[in-house]
Every structure is written in C-alpha cells, then in structure tokens.
Amino acid sequence: MDFVELEAIEGLRWSWNSWPSSKADQAALVIPLAVMCTPLMQQAELPILPYDPVTCSQCGAVLNPYARVEYTSRIWFCSLCLHKNTFPHSYSNIGDTNLPAELFPTYSAVEYARAAAPPPSSHNWSGANGVLLSSSSSSLSSMVSSSPNSGSDDPRGIRPAFVLVVDVATPRDELAALKNELLLVLEQLPETALVGLVTFDSMVRVHDLEFSDCSRVVVLHGERELSPVQIQQFLGINRTKQQQMGKRPFSQKQGFLLPVSECEFNISTAIEEIQSPVVKLGHRPGRSTGAAVSAALGLLEGCLVSTGSRIMVFTYGPATIGPGIIVSSDLGYSIRTHRDLINGHAPYYSKSCSFYAQLSQRLTDASIVLDLFACSLDQAGSAELKDPIERSGGFMMLGESFESNEFRKCLRQIFTRDEEGYLKMYFDATIEIVTTKDVKICGALGPCVSLRKVKNLVSSSEIESSTWSAFFIQFITRYRHGNMGIRKRVTTAARRWVGNRSPEIAAGFDQETAASVMARLAIRRAETCFARDVIRWLDDTLIQFASKFGDYVEEDPSSFRLASNFSLFPQFMYYLRRSQFIDVFNSSPDETAFFRLMLNREGVVGSLIMIQPTLLQYSFDGPPIPALLDVRSISPDVILLFDSYFHVVIHYGLKIAQWRKLGYDKDPNHENLRKLLEAPEIDAQQLVADRVPAPKLIRCDQHGSQARFLLAKLNPSVTQNSTYTDGSDIILTDDLSLQDIRILDLFSLNHTIISHVMAIALNFEMMVASLLWDRLYCRIHCRKMLTTVVESFKKGCFV
C-alpha cells in the first residue's frame, strides 16, 4: 500500500489504515488512531466546481462518490448516515453517463467555488470529466454563510486587512533594513487591501493614514492595559449597539485603516520617518509589545474588519514594560531560561501568558491572525506569544537580523501572488468533520481552535463495537481564497473495519504518520510535564508497541524481528527523544516554542525531517546517495548534505576541503572536482528556496567549529569510549547509540510481570530507572542488581 499516493489523492495520512471494530482492540494497538490532514494541500487534479455542494439534510455531509444513487427517482443515500435525500432540480439530467464531478470515483476530493455572476441556465454535465459547464443562480445554497465570522458571501466589498506593528526600539541598521522590506511589502499588496500602521517603543502610536498635512498619531501609554472599548474610544471609533452586535456594517469615517490606493504615500512616508529612540545606558530599550498588539486588535475589532485580517508584528527584542512584559529593562536582570521556568524564577511569565491567552480568545473569535517576525540575537518573547500565534493560525519566524536573506525570502514568499494576480493567502478557514456513527472525534492537535459546537460526532463516551464493514470520514474545509471568494474543499475517505487478529491491521500501519502523531502528542505533554517524564512515556509506548508487534523466541534476544512496515518506527522514536522538541538543553524558551509550533504546522514529510534529518553523500563514485545518519558516514573524501528542516549543512570532508582551499576546482584538469562541489550547492539552494521560513544554510569543513550542527544530530556509534574507531570521527557523549537496541530478558520476582520487552538503550540512567525500577518495583531487592547493570552499561557489555 503506497501511502504517499493516497495522500496525493486525499490529502490525508492515517496512522492505521485498517481499524479494529472495538474500543478494547483499538487500545491494544498502542499507537492511537489518528489522521494527519492537510486541508488545502496542493493537488494536481483537484476539480474546481463553480456551484454549491449538495448536502445531506440529516448529518450535513456533502454528496460524494461513496453515496448510493438512484437515478430514475433522483434520490441519493448518504454514505455516512444512510439518510435518503432528493437531488435538487438542477440535477435533473443526472445519469450513468452524465455524472457531476463529485460522484466520479477518482475524485475523492473536490473544491466548490461559487461563480461571481452565473448565467441563468440549468446544469449541464460533461460526460468526459464530469465538470460543470454552467450553473443556475437559483441553485446557490445559503449554507456557506452559516459561519458567524463569514461576513458577506459576495467577495465584492470584502477586502483583506493588514496591520503592521513595528518595533522602533531597533538598532539603526536593522531598522533601515526592516523599513526597506516593509516598503516592498506595500508594493505587493493589492490596491484594495486595507492597511494600518502601529509603531511602539515605551509608547504605542497608531498612525492616522488619512491626514496628509503632517504625521498624525494617537499615542497610548505602553504600561497601561486597555480594554477594547477604551482603545476604540481613544481612536475615536464609536459604534452603535447594533454595530457592536454585528448586525450592521461599520462605515464610520476613520483614517487608521485605509485601502492601499488611498494611503500608499502617507504610510510610506510614515514608515520612512521611523527613527530609533535613545537607549539609557545599562538598560534595555523600552518595548510595549503586548500593548501594541492589543491596540492593533482593538482597531480591527472597532472597524469590524475580521474576515481576512492579519496583525504582523516585527520586533527586535523582548517586551520590557506593560502587559506581556518578558524581562525588566535593567540589564542586571537576565531573561528567563528553561531552568528559570522550571524553578519558578521567571516573575513575569505566568502573568504574560495569561494576558496573551486573553488576546488569543479575542483573535480566534474575530478570525484575526497574529504573525510574529522576531529578528534578534536575544530572545523576543516568542514563548509567551506562541499560544495566540498558533491558535489563530499565524506564522512565526525567528532570525538573527532583519538584514538576513532568510528574513527577506520569508517575507517576500508570504506575499507572492498566483497566476491571476491574487495573494497566495487563505483566510477565515473552518474545518467540519463528518463521520459515520461508529467513529467519534476526540480532538485535534495543530494550529487550530475548537468552534465549541457540541455534536453527536464528538466523543464523550466509549465507542461500542461496529457492525459495518467500512466507515467514512469527510473533511469540509470552508475558507476565503485570495480573491476573497468563498470556497469549500470536500475530502471523503473510506477505510475498513477489521478483526483484531486480521493481517490487514499490520499491513495498514503507516510508521511515518505514527511517528508524526507521537511527536505531536509528546510536545503536548512536554508543555506540562518534565522532559524526563515525556521520554519515559515514549519509552513505555515503544516497549508496549514492540512487544505487541515484534516476533521473537523466548529466551533468545537475537531472534527479535519487526516487519518491514514497523522496522523504522523505533528509529524514529530514538531520534525524537534526542530532538530539540523534547531535550531543551542548549535551547532558549523562544527557540523551543518556535520548534514546537513549526512541528505542529508541518505535514508528515516535514515532521519526519525535523525528527530524523536527512543526509546525502556526494563522492566521485557516482550520483548522490542517501547516507546513514551516523558519525561513520563522515569521510575525508566525501561531501555530506544534511537537512534538519531548520538548518541545511554542507559538510566537506578533510581532503575535499583542502583541495577546495588550494583552488583545484578552478583548474580545468579537475573538472570532476568542480562538479562535485557544485552538486550539493545546487541541491541546498533548492531546499532553501522551497521552504518557509527559509532554513539557515551552513557550510563547514570536517573538524571545523560549524560542524557541530551536523555532529549534534548524528548517531554516536563511535565515542570516546569506543575501542575500535576505524579512523572515524568521534562524538564526545555518554549517550548510547541506535545500535544498542536490545531485547531485555527480565527475570521474575515472585510473579513474572514482563517476560520479554524491547527497549532502546540510549541512556543507562533512563534504562535502569524506567525499565527495572518502575516496571519491576524492586526498590529494595534489586539494589545490588541495579549496581551491576550500571557497571555493565559503563563497560558496554550489557545485553
């Protein structure tokens, strides 16, 4: 079963593609039943249908290829609830040879895009591809306007809004680079897009873009936490009671949020006039980031601009005053670290998180996105801002400088346009999931928030055994396209119920998706648990999983085997527990928040690169080949291309580096060397160009200081304790390598608790504490045995 091909069709990856029919059998699988969904995945053969979907009157599911259709009586039976529905009059010509696209077996995913001005005629179906040729205005359904935040269904008059929140407490050179990029952004925005400007240091300034005689701003004190009503009163935005309830559109004249065509000169002038303030010696610059974000949000709420709104924050450092403060302005106080958070020595952290949690609720209620671009060598408070950014579906970028190529590429990539000239942005997206009655939804992990709608499809109790042979899940994603028109993408997938001992369960296991799901669950636990507890949970899960699906002969550890579609899963878990998502050593809270947010945003392929980076080897022997992520892959006469998603490293072997320094690649007699040096450069540039945010490109030589980015991720099969190195590089570490996977023969104490389990011997302290201490509960009787095991680990002879 090719799961990649299924994903290209459905946009879905399943941890298990065949499901047991009872709750007990599902729990025995160890790895949870989960679906990785990419709602708006780019699909080559996705049909765009210029009419509204036909929905089931009982469960709300959309007509799909799995529905049973009676053409003569114009009736269809919903595949999810079996309810009988009638076709609308516009489907009067439907038949075996005249099918709409949504009934084609090859179209499990379709997208509905309402036509701007449909001609008054009836439906005509194309027998060749099933695509609608023309539609009737009477067939347009009112269902698409059911969302409370959708606003008008007519894209005319609905414009995206962008509020730029700029930190002026930025060094002069950095601020100049930022201003240049913001001016380029204005050039990329559509003329009808609304734009606003908020600048802040110790004060928050909301710029009036309509007043052209001179710069006119409304100044708010950065230390005060203002309510939305107070902000709107200071800005002079007064709404009636009906407008506050959203019953009437807001049309009051104001100059803080205007179309680009009306204020391009004024906002460009305001950006160019931004100047850095003078910073007091021995103090950090005054920054009121939280107050500035609150002011921008209050502006959008006051103008009733919610559909297609983005607040884009550009900052160079942490907030030092007001709500959302991160650290004191006195340089004598250091910014919080992970140890400070654990020990409770971060005095502002809890209060700032509470403040941003309130902003997060306001952002999601109004369908407003919060983005953060923090370019600084210091922390900027991303850990506190992570919740509103992730829950609103926003974007986060951490960089070292606004002058860096990574920041420029990232910002320009966000504002690119498609072939029709529209921004490649989607707004105000909601996802509705409809399932058969035997499937319940337990929750979602990722950049989303619950709509708090209670339905019978939401799990509240144990699921009983199913009597059906198959089940269906339908994802209905409603969003606004870059042209602000409403679209609906409907993806319907079917899978089978099978018996507990059916071979289809093992055959349908997708170890890559399972690793991605376990990674998301692990970082969710890491938010509230210690790293050691998360690692222990991962180890326990792997032990249960291996004992369930592994084949072995008792009393013979060397006989342990895993099937091919299970064999890589322990390897993924090995690298996950060593990753920066779990092990936060040498990472700041801001970096950890960024890493975890990006993991939650990415699909299966991107997640796997983050968990287990890729390594390509370039040599004179032929084209590049995949190499083991092991220290033994380093060789003097090869070039390695390492991709960890956040970093792309080109590692030159010792001999290759020497030849390059001597300039042999410029000699026509050494053409092969020139081509060898060019190949990884071309591939690395492709990786950097296609990814947002752009990874940092690092070029290093063997034994160089920058080689640490590669060595930190390699499997330490050769360490300072190894007796045979075979000329390989050495990693100085006390961790055990992936090759130390063993079957532990655990003998009984009074009663046998576990006979044989599989564990990864990565860290002898974890191994002893987790497997022998916790599992066997031998607090007194096993002290002597524990000492023996520790000594055996140190000698490297434990089996």
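## Charges over aromatic rings

Lysine 548 is placed over the face of phenylalanine 549, at 6.0 Å from the ring centre. A charge is taken to sit over a ring if NZ of Lys or CZ of Arg is within 6 Å of the ring centre and within 35 degrees of the ring normal.

The structure is a predicted model, in which local features need pLDDT of at least 70 and side-chain atom pairs count only at pLDDT 80 or more, whereas totals for chains, interfaces and linings use all residues. Residues are numbered from 1 along each chain as its sequence is written, and side-chain values use heavy atoms, with hydrogens and water left out.

## Aromatic pairs

Across the whole structure, 34 aromatic pairs are found. Rings of Phe, Tyr and Trp (its six-membered ring) pair if their centres lie within 6.5 Å; planes under 30 degrees apart count as stacked, over 60 as edge-to-face and the rest as tilted. Tryptophan 14 and tryptophan 19 form an edge-to-face pair, with 5.7 Å centre to centre and 65° between the planes. Tryptophan 14 counts as buried at 1% relative accessibility, and tryptophan 19 is buried with a relative accessible area of 7%. Here buried means under 20% relative accessible area, exposed over 50% and partly exposed in between (1.4 Å probe, protein chains only).

Tryptophan 19 also pairs edge-to-face with tryptophan 497, at 6.2 Å centre to centre and 65° between the planes. Because tryptophan 19 lies in strand β2 (residues 18–20) and tryptophan 497 in strand β19 (residues 486–498), this pair ties together parts that are 478 residues apart in sequence. Helices (H or I, at least four residues) and strands (E, at least two) are DSSP runs, numbered from the N terminus. One aromatic cluster is formed by Trp16, Phe509, Phe545, Phe549, Phe566 and Phe569.

## Nonpolar cores

The largest nonpolar core has 95 residues, of which Trp16, Val165, Ile311, Phe569 and Met573 touch the most other members. Such a core is a set of buried Ala, Val, Leu, Ile, Met, Phe, Trp, Tyr and Cys residues joined through side-chain atoms within 4.5 Å. Apart from this core lies another, of 40 residues, including Leu209, Phe395, Phe407 and Phe427.

Leaving aside neighbours within four places in sequence, isoleucine 311 is in contact (heavy atoms within 4.5 Å) with residues including Val163, Val165, Leu363, Ile368 and Leu370.

Strand β14 (residues 309–315) pairs with β15 in the parallel sense over seven bridges; two strands pair if DSSP finds at least two bridges between them. Valine 313 has leucine 372 of β15 as its bridge partner. β15 also pairs in the parallel sense with strand β16 (residues 396–399), over four bridges, and alanine 374 has leucine 398 of β16 as its bridge partner.

## Chain totals

The protein chain has 22 helices and 28 strands. Of its 799 residues, 53% count as buried.
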